Number of protein chains: 4
Amino acid sequence: MDDFGLLNPAWAGTRAAELTSDSAFGQAMLDVESAWCRAQIRFGTAPATIDDAVAAASHIGDYDLGAIASQTPDGANALIPLLSALRDNVSAHQKAAAQYVHRGATSQDIIDTALMLVASRAGEHILTNMKTAVRQLSAMATEHAHTVMIGRSLDQHAQPITFGYRVSQWVEALGSAGQHFETVVDNLPLQWGGAVGTSTWWVDYFKADQPEADPMELVNRQRDLLAQELNLVSAPVWHANRVPVLQLGQTAFQVTAAAAKLANDVLTSVQAENAELTEPTKPGRGGSSAMPHKNNPVLSIRLKHAAQEASGQLNTLQTGVISNTAERADGGWHTEWSALRGLLRLTGAVSEILVELTDGLEVHAKAMRHNLGIHGNAVFLGRLTQWLAPIVEAHGAAEPGSGKRLVESISTTAMANDDDLAQALVAQLPDGVVTVKAVEKMLDPSGYTGGAASIVAEVHSRYRKWSS
Amino acid sequence: MDDFGLLNPAWAGTRAAELTSDSAFGQAMLDVESAWCRAQIRFGTAPATIDDAVAAASHIGDYDLGAIASQTPDGANALIPLLSALRDNVSAHQKAAAQYVHRGATSQDIIDTALMLVASRAGEHILTNMKTAVRQLSAMATEHAHTVMIGRSLDQHAQPITFGYRVSQWVEALGSAGQHFETVVDNLPLQWGGAVGTSTWWVDYFKADQPEADPMELVNRQRDLLAQELNLVSAPVWHANRVPVLQLGQTAFQVTAAAAKLANDVLTSVQAENAELTEPTKPGRGGSSAMPHKNNPVLSIRLKHAAQEASGQLNTLQTGVISNTAERADGGWHTEWSALRGLLRLTGAVSEILVELTDGLEVHAKAMRHNLGIHGNAVFLGRLTQWLAPIVEAHGAAEPGSGKRLVESISTTAMANDDDLAQALVAQLPDGVVTVKAVEKMLDPSGYTGGAASIVAEVHSRYRKWSS
Amino acid sequence: MDDFGLLNPAWAGTRAAELTSDSAFGQAMLDVESAWCRAQIRFGTAPATIDDAVAAASHIGDYDLGAIASQTPDGANALIPLLSALRDNVSAHQKAAAQYVHRGATSQDIIDTALMLVASRAGEHILTNMKTAVRQLSAMATEHAHTVMIGRSLDQHAQPITFGYRVSQWVEALGSAGQHFETVVDNLPLQWGGAVGTSTWWVDYFKADQPEADPMELVNRQRDLLAQELNLVSAPVWHANRVPVLQLGQTAFQVTAAAAKLANDVLTSVQAENAELTEPTKPGRGGSSAMPHKNNPVLSIRLKHAAQEASGQLNTLQTGVISNTAERADGGWHTEWSALRGLLRLTGAVSEILVELTDGLEVHAKAMRHNLGIHGNAVFLGRLTQWLAPIVEAHGAAEPGSGKRLVESISTTAMANDDDLAQALVAQLPDGVVTVKAVEKMLDPSGYTGGAASIVAEVHSRYRKWSS
Amino acid sequence: MDDFGLLNPAWAGTRAAELTSDSAFGQAMLDVESAWCRAQIRFGTAPATIDDAVAAASHIGDYDLGAIASQTPDGANALIPLLSALRDNVSAHQKAAAQYVHRGATSQDIIDTALMLVASRAGEHILTNMKTAVRQLSAMATEHAHTVMIGRSLDQHAQPITFGYRVSQWVEALGSAGQHFETVVDNLPLQWGGAVGTSTWWVDYFKADQPEADPMELVNRQRDLLAQELNLVSAPVWHANRVPVLQLGQTAFQVTAAAAKLANDVLTSVQAENAELTEPTKPGRGGSSAMPHKNNPVLSIRLKHAAQEASGQLNTLQTGVISNTAERADGGWHTEWSALRGLLRLTGAVSEILVELTDGLEVHAKAMRHNLGIHGNAVFLGRLTQWLAPIVEAHGAAEPGSGKRLVESISTTAMANDDDLAQALVAQLPDGVVTVKAVEKMLDPSGYTGGAASIVAEVHSRYRKWSS
């Protein structure tokens with residue numbers, strides 16, 4: 001039994017899928033076990049001579065993962081059968097070495113730490129991609145800081161914005177989510193505590209070996225070496241504290257959620273009626289022979305789909321975490337694993353898709369300008385009254401407080417009759433109140449984007465260093 | 001990249017995992033395509049001579065699933081690359097045959113129908129197991145219809161029940177959930193409608209071929225043949241109506257949810273302090289060499305874990321379904337697939353675990369009786385007052401309405417002093433009101449299980465036929 | 001502390017909110033308690049003289065719900081303080097009557113049954129609305145059975161459909177979901193079993209009262225009377241079997257999910273660039289003074305939002321159900337309540353919104369036709385080759401098997417050059433192969449909707465009786 | 001229609017419910033509007049004379065929330081009707097003042113900011129409680145740093161721990177979650193951007209008013225004043241970036257998830273068979289008149305229930321966030337509101353319950369010691385072989401590498417026969433290998449808790465300052 005991703009277009013064929021595969025997880029478990037042997041050697045509790053045997057036995061390609069999977073249910077984890085095979089393998093290289101493998105450790109130490117290793121490796125991949133995507137988007141925002149389009153609120157035309165401004169909000173979301181995720185990835189904790197988290201085996205060992213010393217100080221120092229070997233943080237035991245796992249999953253989800261917003265916007269914009277954006281194409285992607293006009297927005301579809309699945313995976317993780325019990329949970333812990341892997345895999349795939357999508361997204365400024373005009377001058381009415389009402393009142397053309405009503409009345413009538421709005425206002429207001437040119441300036445969308453360009457610059461400067 | 005189940009103790013190594021693997025789904029897609037060729041042959045729209053070529057090309061083992069997975073993202077589904085390979089393969093057998101493959105169909109027809117085929121095959125497996133489990137539990141309930149234990153409410157001792165009664169509630173939940181699921185599995189719908197669900201290709205075909213006929217009648221008759229070939233219901237097109245998928249996922253979840261309740265009860269009962277139940281053991285399962293007293297309840301842990309993950313998968317499915325759009329959704333549809341597969345896989349694994357767990361669950365009647373006694377006679381106080389208060393009042397030993405208070409007062413004092421309750425009542429109530437024997441009868445838990453045995457028989461009779 | 005719906009635009013101000021309010025739930029609890037007194041009277045276990053006192057005390061308006069809420073945490077349910085107040089209230093009317101209130105019952109009996117009563121009342125409201133909405137939509141589908149628009153797949157133009165066909169898929173989804181929900185609502189179960197579900201109190205009572213009878217038969221007959229009083233099904237006890245609650249919540253969600261699909265489609269169609277539909281307007285709704293062109297699609301927004309929240313509520317319900325334990329759960333049961341109420345409330349609001357939306361939805365056939373033309377003849381290319389390729393080959397204008405390529409080549413070149421497609425084909429194919437008129441017939445979208453109208457009629461006939 | 005919490009034992013009657021009520025949210029909206037008037041006064045864009053009128057109109061108690069709720073669906077938000085009433089109210093105090101209310105703002109500015117205000121106020125309450133709870137737990141951990149109990153893994157006895165160690169893990173989880181939440185609460189962002197987030201109204205205003213200045217600089221400076229008034233961070237606009245809301249909800253959930261672990265442990269421990277802990281009691285709470293021995297663990301039940309519901313609320317929030325679109329979402333935004341409020345309310349209730357539970361939790365050291373002995377010496381077998389195997393081998397009593405097997409063999413036989421383990425080992429091993437006293441020392445659980453006490457001290461020092 002094995003799965004390849006046929007039902008998972010979000011991540012099938014991605015590098016992220018490889019980095020989070022069962023094989024990658026299996027390798028991570030072997031990496032933890034072998035690092036522990038090296039830590040013992042460095043601390044002087046194991047002989048240096050075992051190093052070669054352990055290293056030689058630590059290639060996941062040499063293990064039958066299908067067989068290990070089939071034994072996984074017996075102890076409800078994969079480490080038990082893998083460890084048994086590892087010990088046999090080490091023994092075959094050097095009989096005396098096997099006793100040092102997994103010494104004083106428990107399944108949870110290895111599984112939790114291996115998942116953190118997987119997170120670390122996938123995390124690096126994700127962050128590299130996120131920075132590239134943010135950089136590309138930031139350049140796109142800058143390029144289009146003044147490309148006018150209509151801003152949409154509740155699916156309705158609201159006021160003009162610039163495409164750069166919209167992109168800046170994607171940058172802000174992806175950038176801040178990426179930074180939150182990075183903080184967590186930079187602090188992934190080692191798990192190391194033995195059967196119930198209290199390091200009994202090693203406390204007994206050091207009590208016997210160095211009776212005068214504080215055994216936990218030795219335990220902690222030896223653990224620091226392991227953390228160094230694995231490039232993880234030498235954290236206090238968290239067997240019974242699942243906040244680290246929850247926080248990791250949550251911040252990964254922030255990234256996919258931020259990407260989903262971008263995808264939703266692209267999916268609206270690529271519709272034939274809207275046509276403001278086109279996804280990058282490549283041979284063989286997104287087309288349909290029976291429907292040659294189709295350019296399916298598969299990148300955005302995959303982003304949207306990834307976020308929907310990630311939300312469910314995070315939900316699973318939450319359910320697992322809140323049902324934890326005692327020193328090791330009776331199901332809640334087991335529930336965390338594939339949910340966390342799923343979140344890392346999906347986030348990794350999202351990061352890859354983002355790099356591709358943000359590199360080649362085509363922007364159709366002309367369509368943006370066209371769509372902006374659909375409602376004619378209606379989108380400027382608010383602006384017009386804000387500007388003209390006090391002028392009208394100052395000229396005595398309307399009672400104080402009723403200028404707004406007058407301007408609106410003239411304008412809506414003109415628009416309903418398809419009259420030229422500027423000329424209608426000039427004609428119906430007393431001489432000298434307003435000129436056609438002045439009205440037309442107010443009806444120019446390029447002057448009605450408020451702080452759009454300023455916000456683009458601000459966002460750009462906020463993420464420039466991080467993403468470079 | 002492939003996964004085997006190392007992070008999924010719930011289903012690793014199960015038959016359900018095989019029945020829902022990528023390979024099984026790929027085979028189901030091939031089965032749909034080849035059945036469609038046979039339906040055309042039967043309807044006279046394709047020559048019988050293509051049958052062999054199509055059949056010869058329809059073995060999933062001949063396809064490179066890894067390669068197909070890597071092409072899956074391009075069109076956001078696996079059918080596109082598989083179909084391309086299938087056509088090549090058919091062509092290699094018989095050049096002329098390839099044109100009949102997938103004729104007038106669309107990706108969604110194949111994928112939706114293939115998932116229904118997977119559901120049908122997994123569903124049969126699940127239902128066979130569920131009936132076995134319900135049968136075994138029903139026998140257990142009958143055997144223990146009078147095995148007294150304490151009933152627990154909000155984690156506190158409430159009133160005595162019998163173990164058979166508790167089991168009967170498991171039966172009721174599993175049996176009703178199983179029947180709901182069965183109704184859905186027995187009515188799994190074919191999906192067949194072409195690009196936008198209106199069968200345009202075939203309507204055009206039949207209009208040209210049999211201009212005098214109602215083309216949709218021919219379309220429907222040809223579709224009926226396909227449904228027959230696949231043993232699915234020849235339902236109206238549901239491209240844009242995802243209620244069938246939702247309902248399938250929901251009823252599968254009912255099964256895993258019912259199993260989780262059973263698992264939660266077992267997990268409490270196997271704790272050393274409670275010790276009322278023991279999970280069946282087998283060599284290599286659930287033990288720990290470092291902790292020989294351990295018999296980890298891995299079957300129940302896997303059931304609990306499966307339900308937690310299934311809840312997240314159903315959540316994903318829900319999110320997909322509510323984001324569907326137009327004639328084919330932009331992500332929501334894609335989200336359904338692996339969630340539905342996950343639900344079927346987990347439910348299948350649950351059904352296998354249930355068969356094993358309910359076959360060998362050990363019941364410790366002595367521990368049940370012991371635990372029932374922990375609070376002494378306190379659990380009988382309500383019964384005592386219900387019975388004795390009217391008698392006391394009838395004898396004039398208390399004012400009308402105050403008999404309850406008197407009985408409670410004597411009883412709680414006796415219990416607090418560890419006095420014999422029956423003797424205390426006889427001593428402190430007027431002569432002739434009550435006898436030691438009569439009180440002791442009221443304090444016998446085996447007489448205080450209400451309709452427990454009657455309920456066991458009722459439940460048994462409700463599911464006897466279904467589960468046999 | 002009270003909430004009115006300020007943060008809940010989905011249901012604020014709806015009838016559904018009233019039917020599921022705390023007050024409605026409180027009334028339902030009183031209704032269960034008073035019905036139980038009436039059932040006792042009818043069965044002869046309580047005197048008829050208590051009826052007036054109980055009835056007089058059963059108006060929720062006479063109780064201080066704020067005070068009862070503040071006592072709710074003490075026993076983790078609201079029945080305990082309400083029952084205490086009810087008994088005082090009954091006593092005040094007739095001292096002797098209070099003892100019959102809640103006799104032999106437990107909190108869970110009252111709360112579960114009261115929730116089923118709320119479901120029954122809300123369910124009736126929902127079903128009435130659903131039938132109206134389905135009826136209105138069915139009429140809309142019939143009216144627009146031939147109104148041509150483009151069918152959309154993955155956000156891209158696919159093939160022409162008719163608007164009636166799209167609506168027929170809404171009908172199918174809403175109708176089938178409504179029927180699933182109706183089946184559950186028509187079979188809502190009474191909960192009645194006493195402390196641990198075994199009716200111990202009444203078994204003891206009847207054993208003493210009618211020693212010769214089967215006490216459970218009497219219990220069941222008395223329970224039947226209660227079910228009659230409440231118009232619920234006299235089901236076996238389900239204290240420890242939460243499948244009924246899960247199934248109720250699941251089928252309610254089917255309704256909101258089906259409505260969400262409709263809403264998603266409307267939300268795309270009301271966008272200014274698409275403009276195929278307009279939501280019904282009413283004074284004060286959906287407008288914006290600063291943006292007079294806005295007609296916010298608030299009905300569809302509320303539907304979409306309702307489904308998103310309902311998915312979370314169902315998730316909560318699932319989490320509660322899978323954590324149930326023993327004879328009454330330690331939290332899982334409590335989690336069910338407001339989730340179930342939320343699902344009923346949201347589904348009720350959805351049903352009200354659907355009635356309004358489907359009554360006044362404006363259809364812009366002209367815009368539909370316009371949008372269909374955006375890609376010109378590209379959407380007909382598949383049809384053209386299906387029809388013309390065999391003709392071309394039959395005329396010897398192309399080798400067998402290469403007709404398709406020839407037709408596509410001529411057509412795509414013509415389209416790229418903005419040439420008239422029919423004339424290009426006539427010009428470039430040998431004389432007599434094809435006529436302009438014949439090509440133009442193939443390019444007429446109204447002839448290219450396959451079985452759309454037939455499907456509309458089929459769906460209409462399937463739900464006509466149910467919805468009338 | 002109003003709700004009080006009858007179906008919500010988790011939060012009914014809590015201070016958190018008040019701080020997050022509709023009334024509190026309504027007050028927060030008024031607070032934002034009035035602070036905006038003050039900010040204008042301070043910036044010189046509004047006259048100081050309006051202050052009194054605005055202040056006088058800003059008491060939520062003067063508004064009819066039921067009526068506002070019933071108008072909420074029309075614009076799909078409550079601000080629209082509230083603002084209308086506020087303007088009327090301000091006008092009634094001072095006609096000229098009303099024009100300054102909400103000037104240049106949009107509904108989303110007010111609603112998002114008001115929710116942040118509610119979060120700020122609830123957040124302060126939550127953090128105060130969390131620090132108290134952590135402080136109390138930390139003291140409990142210290143007091144019981146050496147109170148021996150059995151550690152449990154997968155529901156089975158594993159190795160001894162101390163109760164203080166278990167509590168230290170609660171502290172670690174609650175403390176770290178609390179700190180994550182605090183970081184977010186300390187940085188809650190103001191939302192201020194006008195219709196599409198670009199501050200067009202004010203940019204136009206300042207362009208006219210101070211043509212020489214950079215209008216966005218003025219906009220930002222005026223916004224800073226508003227942030228000061230509200231004690232929020234003057235953040236860049238986040239209309240279209242929902243990461244801040246997601247992160248707030250996620251960290252709140254971390255707190256409830258950490259509390260759920262504690263609750264799960266308490267719920268196991270209060271079971272009659274385990275009896276290691278008792279929840280604090282108070283008159284009227286958790287008891288049952290019919291079952292006087294019951295002390296329902298309602299505090300832990302409410303914590304468990306709260307986490308289950310919070311997980312669903314967070315799921316709703318996620319679903320809303322990933323469906324956001326354009327400059328203001330069509331449903332996704334609306335979905336966030338009550339989900340975020342629910343998370344804050346539940347977390348607030350959790351914090352109150354934690355204070356009470358951790359203040360009065362009774363610890364039964366004797367029961368802990370008793371339960372630890374259930375498996376006799378079996379839990380020491382690992383320790384025994386770790387210690388004795390090398391000694392046995394060193395004495396030549398076993399071949400190198402087979403000492404473990406010998407020790408295990410003697411020990412398991414002795415345990416199976418109920419023989420004294422120390423004497424069996426002394427008797428069956430060669431003279432001088434081991435003494436009864438030495439074995440008994442290894443069988444003393446108080447010496448077998450590894451670094452438990454050290455970890456307690458470490459955790460205590462980590463959270464001492466934060467929680468004091």
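In which strand of chain A is A:Ile161 found? In this predicted model, A:Ile161 belongs to strand 2 of chain A, an element that spans residues 156-162 and is listed among those giving two or more residues to the side of chain A that touches chain D. With a relative accessibility of 0%, A:Ile161 counts as buried, because the cut-off for that class is under 20% relative accessible area. When its neighbours within four places in sequence are left aside, the contacts of A:Ile161 within chain A are with A:Thr147, A:Val148, A:Met149, A:Ile150, A:Gly151, A:Arg166 and A:Thr449, while D:Val196, D:Thr198 and D:Glu327 are contacted in chain D. A:Asp265, which lies 104 residues from A:Ile161 in sequence, is 14 Å from A:Ile161 in space, taken from C-alpha to C-alpha.

The interface of chain A and chain D, to which these contacts lead, takes 76 residues from chain A and 76 residues from chain D. The area buried between chain A and chain D is about 6,200 Å², with 55% of this area given by carbon and sulfur atoms. Four salt bridges are counted between the two chains, and one pairing of this kind joins the side chains of D:Arg383 and A:Asp204, with a distance from N to O of 2.6 Å. On the side of chain A that touches chain D, two or more residues come from each of strand 1 (148-153), strand 2 (156-162), helix 7 (163-185), helix 8 (200-209), helix 10 (243-269), helix 11 (298-322), helix 14 (381-394) and helix 18 (452-467) of chain A. Helix 10 of chain A gives the most to this side, with twelve residues. By class, the side of chain A that touches chain D is made up of 33 nonpolar, 29 polar and 14 charged residues.

Chain A can be laid on chain D by a turn of 180 degrees and a shift of 0.0 Å along the axis, with an RMSD of 0.1 Å. Because 100% of the interface residues of chain A are also interface residues in chain D, the copies meet through the same surface.

Chain D also meets chain C, and here 61 residues of chain D are in contact with 61 residues of chain C. About 5,400 Å² is buried between chain D and chain C, and carbon and sulfur atoms give 63% of that area. The salt bridges between chain D and chain C number eight, and the side chains of C:Asp330 and D:Lys304 meet in a salt bridge at 2.9 Å, N to O. Polar contacts across the interface of chain D and chain C amount to 25 residue pairs, again with both residues at pLDDT 80 or more. Helix 1 (15-19), helix 2 (22-43), helix 4 (65-75), helix 11 (298-322) and helix 12 (332-360) of chain D are the elements that give two or more residues to the side of chain D that touches chain C, and helix 11 of chain D gives the most, with 14 residues. The residues of this side divide into 22 nonpolar, 26 polar and 13 charged.

Superposition of chain D on chain C gives an RMSD of 0.1 Å for a turn of 180 degrees and a shift of 0.0 Å along the axis, which is the relation of a two-fold axis. The same surface serves both copies, with 100% of the contact residues of chain D recurring in chain C.

Helix 4 of chain D, one of the elements on the side that touches chain C, has as its buried residues D:Leu65, D:Ile68, D:Ala69, D:Thr72, D:Pro73, D:Asp74 and D:Gly75. The cover over these buried residues includes helix 11 (298-321) of chain C, together with helix 2 and helix 5 (79-93) of chain D. The N-terminal end of helix 4 of chain D is capped by D:Asp64, of which a side-chain oxygen lies 3.1 Å from the backbone nitrogen of D:Gly66. Just after helix 4 of chain D, a positive phi of about 60 degrees is taken by D:Ala76.

A further site in chain D is D:Asn371, which is found in helix 13 (residues 365-372) of that chain and is buried, with a relative accessible area of 2%. The side chain of D:Asn371 is in polar contact with the side chain of D:His370 at 3.4 Å. Not counting residues up to four places away in sequence, D:Asn371 touches D:Arg152, D:His157, D:Glu273, D:Asn274 and D:Glu276 of chain D, as well as B:Glu273 of chain B.

How values were computed:
Residues are numbered from 1 along each chain as its sequence is written. Chains are lettered from A and ligands numbered from 1 in the order in which they are written. This is a predicted model: local features need pLDDT of at least 70, side-chain atom pairs count only at pLDDT 80 or more; totals for chains, interfaces and linings use all residues. Side-chain values use heavy atoms; hydrogens and water are left out. Contact means heavy atoms within 4.5 Å. Buried area is the accessible area (1.4 Å probe) that two parts lose on being put together, summed over both. A polar contact is a pair of N or O atoms within 3.5 Å; within protein, one must be able to donate a hydrogen and the other to accept it, and residues adjacent in sequence count only if both atoms are side-chain atoms. Helices (H or I, at least four residues) and strands (E, at least two) are DSSP runs, numbered from the N terminus. Ala, Val, Leu, Ile, Met, Phe, Trp, Tyr, Cys and Pro count as nonpolar, Asp, Glu, Lys and Arg as charged, and the others, Gly among them, as polar. Copies are superposed by least squares on the C-alpha atoms of residues with pLDDT of at least 70 in both. Buried means under 20% relative accessible area, exposed over 50%, partly exposed in between (1.4 Å probe, protein chains only).
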